Amino acid sequence: MSRIGVFVCWCGENIARTVDVAEVASAAAKIPGVRCSVHYKYMCSDPGQAMIREKIESEKLDAVVVASCSPHMHLKTFRKTAQRAGLNPYLVEMANIREHCSWVHHQRGEATAKAAEIIRMSVEKVRQNHALQAIRVPVTRRALVIGGGVAGIQAALDIADAGYEVVMVEREPSIGGKMAGLSETFPTLDCSQCILTPRMVEVGQHPRIKLYSYSEVEAVDGFVGNFTAKIRQKARYVDISKCTGCGECWNVCPLKRNPSEFDFKMGMRPAIYVPFPQAVPARPVIDSKTCAKLIRNGCGLCEKKCQAGAINFKDTDRVVEEKIGAVVVATGFQLYGIGKKQNGKLVGYGEYGYGKYKDVIDSLQFERLVSASGPTNGAIKRPSDGKEPKNVVFISCVGSRDNAKGLSYCSKICCMYTAKHTMLYKHKVHDGQAHVFYMDIRSGGKGYEEFVRRAIEQDGAKYYRGRVSKITEQNGKLIVRGADTLAGTPVTIEADLVVLAAAMRPAPGVTDLARMLNVGYDEHGFLLESHPKLRPVETNAAGVFICGACHSPKDIPESVAQASAAAAKTQILFAAEELTREPEIAQINEQTCAACYACYRTCPYHAIEQAEVRTPRGVFVKKTARVNPGLCMGCGTCVAACPSKSAELEGFTEQQIYSMVESLA
Amino acid sequence: MKLAYYPGCALHGSSNDYEQSLRACLGKLEVEPQEIKEWICCGATAAHALNHKLSIALPARNLALAEQQGFEDMLAPCPMCSMQLLKAAKLMDEDAGLRREISSVIEVEASGRLQVLNLIQVFQRIGLDRIKPAVKKPLADLKPACYYGCLLTRPPDVVKFDDPEQPSSMEAIMAMLGAKPVDWNYRTECCGAGMTMAKEATVLELSQRILADAREHGANCLVTACPMCHVNLDMKQGDIEQRYGTRFGLPIYYLTDVVGLALGLSSEELGIDRHFVKQPQ
C-alpha cells in the first residue's frame with residue numbers, strides 16, 4: 001500500500017488531553033507510504049466520517065488507519081465508512097491510542113511518543129492487509145428449541161407463528177416445565193395450568209412445530225445457520241401414534257406406588273403413567289426402572305388391556321438428526337436440594353430437618369399440595385398425618401444469599417411466591433396462621449409490592465425479620481426457633497408444617513449441553529449471555545440464544561419476555577438471504593502442509609477438516625488440513641500449533657507482526 | 001498405637017474421673033496414651049477473649065512439644081482443648097508468617113504434622129469392627145441420649161468432624177456396643193459451659209432442657225465426651241432437680257465409661273461410682 005491515510009481522533013478530551021494529536025498526526029505524515037495524515041475532534045461523528053470518505057476519494061487512498069478508540073467500539077463504523085467510499089473494508093485498521101494510551105498514562109510527553117509508535121505499527125500492519133470479502137453461508141431457516149417450559153413454549157410459538165419451522169426437544173414425558181406444576185401465579189393469582197395449557201396445546205397442534213417429547217439433545221455440530229442436531233428419543237414403550245390416551249393402561253397397572261416426579265414425591269404414580277392430566281402429548285410412558293414386565297417379564301396387564309395395541313415392550317431409544325439454523329436454549333431450573341448430600345462446596349441445611357421430618361417440605365412440594373390437580377386435590381394436609389396444618393412457617397432464602405454454606409446469589413422469585421403461599425394457605429385454611437421468616441422482601445415487579453402488602457394486611461401473614469436456627473420435633477409439632485431482629489427477641493413457633501423457599505439452580509445436565517453448543521457458563525452453571533446489559537439473550541456462540549431460568553433466576557413474565565426476545569433474534573438470523581461471516585480466519589497453505597493434523601487436534605471450534613489434494617482429473621496427490629470458513633473463529637490456535645508454518649491468520653500474518661515489531665526498532 | 005495424650009486442666013483437675021475412665025477403657029483395648037511432658041494450658045475461652053496471638057501460642061506450644069517428643073497423633077479428650085489445638089494448627093497452616101512468629105514466641109518449632117484426635121476419632125482409629133469382638137457385655141438395657149455438646153462438631157471448618165447439625169458418630173459406637181441410642185433434639189445444644197461459677201442459673205436452665213428432652217425421648221442415661229458438660233449434667237443434676245422440682249435421676253456416662261462397661265470392666269475400675277448421679281441398681 002502506498003497511499004495510506006491516517007486519521008487521528010481527539011475523542012473530545014479523552015485522547016487530546018493526554019496526547020498531542022497534532023504532533024502525532026504530523027509524525028505519521030512522515031512515514032513512507034502515508035499519503036495524508038489529519039486530526040479531528042470526533043472521528044466517529046458524521047462530519048468525521050465524511051472527512052474520511054472525502055479523503056479516500058480525493059487522495060485515492062488504498063488503505064486507512066484511524067487512530068482513536070478500541071476496535072470493539074468503532075471498527076464496524078469505520079469499515080462501513082470506507083466501504084461507502086469504495087474502499088475494501090478490510091483495508092481499514094484502528095490504532096488504539098485511547099484505551100491503550102491516553103486512558104492509562106498521565107505524562108503528556110511519554111503518551112504522545114507512545115501514540116506515535118502505535119500508529120506507526122498500524123501503518124506497517126495495514127500495508128500488508130489483503131482486500132477480503134465477507135464469507136457467505138446459507139441459512140437453514142429452522143430453529144431448535146431445547147426445553148418445553150413456558151420460555152421454550154413462548155419462543156417456539158413466536159418463531160413458528162412468524163412462518164419458520166421449529167423443532168422442540170423436551171426431556172420430560174410432557175411439555176409445560178415447572179409452570180405446569182404450580183398452583184396459582186403471582187401477582188394475579190391466575191391458575192397456572194389454566195393460562196399455560198392453551199399454549200401447550202397450541203404447541204402440540206402447531207403445523208410448524210415438531211415436538212420431540214421424552215427426548216434429549218445428544219450432540220450439535222455445525223455453525224450458525226447450518227447446525228445438525230442429534231436427538232435421542234427415549235423409549236416410551238408406548239406408540240404415541242396408536243395410543244388414544246384412554247387411560248385403561250394406567251388404571252390397570254398394579255404398581256401404583258411410585259413417587260411421582262411431577263409431584264416432587266408428594267404423591268404417587270403407577271409404573272405406566274401420564275405425568276399430569278393436561279400433558280402434551282397426552283400419552284403415557286412406562287418407567288423402565290419399576291415396570292415388572294420390563295424388569296422380569298412379569299405382569300403385562302396394560303398390554304392386554306390396550307385396545308389400540310399401542311404398548312410395545314420391545315421399544316428402544318431412537319436417535320434422529322435434524323438440520324437447523326439457530327438454537328434457543330430454554331432448559332429452565334431445578335430447586336436447590338436441601339438434604340445433606342450435595343456436590344462440591346454445598347453442604348445442605350441439616351438444621352432444618354428436611355428429609356428427617358416429613359412435615360418439612362420445599363416450595364415446589366407446597367405448590368403441589370395447593371394445586372387443585374395435586375396429590376391432595378388442593379387440600380392442604382400435613383404429609384405425616386394428613387391433618388390440616390393450623391400454623392405454617394415459611395422460611396425464605398434457603399440455599400440462596402449464603403456465602404458460608406450455600407449459593408451467593410439471590411433467587412429472585414422466592415419473596416414473591418412465599419407471599420403468595422401465605423395467601424393461598426389462608427384462602428384454604430381460614431383459621432390458619434402463616435409465619436414468614438425473612439431477611440429482606442424483594443418485590444420489584446409490576447404490582448409486586450402491592451401483592452406482598454395484601455398478604456400481610458388482608459390475609460394476616462406474620463412476617464419476622466430473622467433467620468431460623470433450628471427445627472426440632474416435639475409431640476408431633478415442629479419447634480421452629482428463630483429470631484425477630486426488629487423486635488430484638490428470639491421467636492419460637494410450634495408449627496404443623498414448614499415450607500422452605502429453596503434457591504433456583506440451573507437444570508441438571510445444562511453444563512454438558514453448554515459444552516455441546518460452545519456456550520459459556522458461570523460457576524453456578526447459569527449460561528452466559530454476550531453482554532449483561534445490551535445482549536441478554538445472545539451468547540458468544542453465533543446462532544445460539546438463551547432465555548428463561550437457564551440464564552439466571554427469574555419469574556414467568558421475564559422468562560416470557562426473554563423467550564420472545566430470543567425468538568426475535570432468531571428471526572433476524574432467518575431474515576437474511578445469506579449469512580455473512582468475518583473473513584479474518586485461518587488459511588492453510590496446502591503446498592507446505594504435511595498433514596500432521598496438530599491443528600485439527602487443537603482447534604477449539606472443530607473448524608479444521610482432514611482433506612485431500614487431488615489433481616483436476618481426481619488423482620490423489622496428498623493429504624492436507626483445510627479450514628472450514630463457516631466454523632473458523634480466527635482464534636489463531638492452529639497458527640501456534642503448526643510446526644511447518646503452513647497455517648496463517650488472514651490479517652494477522654507472522655510477517656505483519658514482525659513488521660509491526662521492527663517498526664519500533 | 002502410639003498416641004500422645006493431652007489431658008488439659010480438666011482431666012487432671014475436677015474431671016480426673018474422666019482420666020481414670022479413659023485409661024482403664026483404652027488400656028483394655030491395648031492403647032496406652034502417653035502424657036506429653038511439660039504441657040501447658042490450651043487457653044480455652046479465656047485466651048481468645050483477651051488476646052488473639054496468645055490464644056494461638058498456648059495450644060501451639062503443646063502441638064510443638066508433642067511433635068518434639070516424637071508423636072504423630074495426639075488425643076485431647078476435652079473438646080475445648082481439641083478445638084483450640086485444631087484452630088491453632090489450622091491458622092498456622094494457612095499463614096506461614098504466623099507460623100514463624102508463633103514458633104519464635106513459644107521457642108519451639110511447630111511444624112504442623114501432628115494430628116489432633118478427639119475421643120471418638122480414637123475409637124474410629126482403633127476400628128469399630130475391631131472393638132466389637134471384644135465386647136463381653138452388650139449393653140442391651142442402655143437407651144442413651146448421645147450428647148455431643150457445642151464443640152465436638154463446631155466450628156465445622158476447624159474441627160472437620162461429623163455433621164455439625166445431625167451428628168451420628170457416637171450413635172454408631174453405641175449401636176456397635178448393643179445399646180439403643182435414642183433420637184432426640186438437644187444433641188448439639190449448649191449445656192451452659194463455664195457459666196457454672198459465673199451465672200449458675202443459666203447452666204441450670206440450659207442443662208435442665210437437655211435432661212428433659214433426653215427423658216422425653218425415652219433415654220435412660222446420657223453419654224457425653226466433654227468433661228465440662230459432664231459437670232453441668234451430673235454434678236449439677238441435683239441442683240437442677242431442686243430448682244425445677246422434678247426428678248431426673250439420669251446417669252451421665254463418659255463415652256469411655258460405656259465402652260469400658262461393654263468390654264467387661266467394672267464401675268469401680270472406670271470410676272463410675274465417683275459420679276454424683278448413681279447408676280440404678
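Student: In this predicted model, how many of the 15 residues of α12(A) are buried?

Tutor: A residue is called buried if 20 or more other C-beta atoms lie within 10 Å of its own. By that rule α12(A) is mostly covered. Among its buried residues are A:Cys414, A:Met416 and A:Leu424. The number of buried residues in α12(A) is 12.

Student: Why does the distance between the end C-alpha atoms of α12 of chain A agree with its 15 residues?

Tutor: The expected span is 1.5 Å times one less than the number of residues. For the 15 residues of helix α12 (residues 414-428) of chain A, this gives 21 Å, and the end C-alpha atoms agree because they are 21 Å apart.

Student: Which strands of chain A do the buried residues of α12(A) pack against?

Tutor: The buried residues of α12(A) pack against helices and strands of chain A. The helices are α11 (363-370) and α13 (448-457). The strands are β8 (184-185), β21 (391-398), β22 (433-438) and β27 (497-502).

Student: Which residue takes a positive phi in the hairpin of β25(A) and β26(A)?

Tutor: β25(A) and β26 (residues 489-495) of chain A run antiparallel, paired over 7 bridges. In this pairing A:Val480 stands opposite A:Ile493. The hairpin has 4 residues between the strands, and the residue with a positive phi, near 75°, is A:Gly488.

Conventions
Residues are numbered from 1 along each chain as its sequence is written. Chains are lettered from A and ligands numbered from 1 in the order in which they are written. This is a predicted model: local features need pLDDT of at least 70, side-chain atom pairs count only at pLDDT 80 or more; totals for chains, interfaces and linings use all residues. Helices (H or I, at least four residues) and strands (E, at least two) are DSSP runs, numbered from the N terminus. Two residues are in contact if their C-beta atoms, placed from the backbone, lie within 7 Å. Two strands pair if DSSP finds at least two bridges between them.
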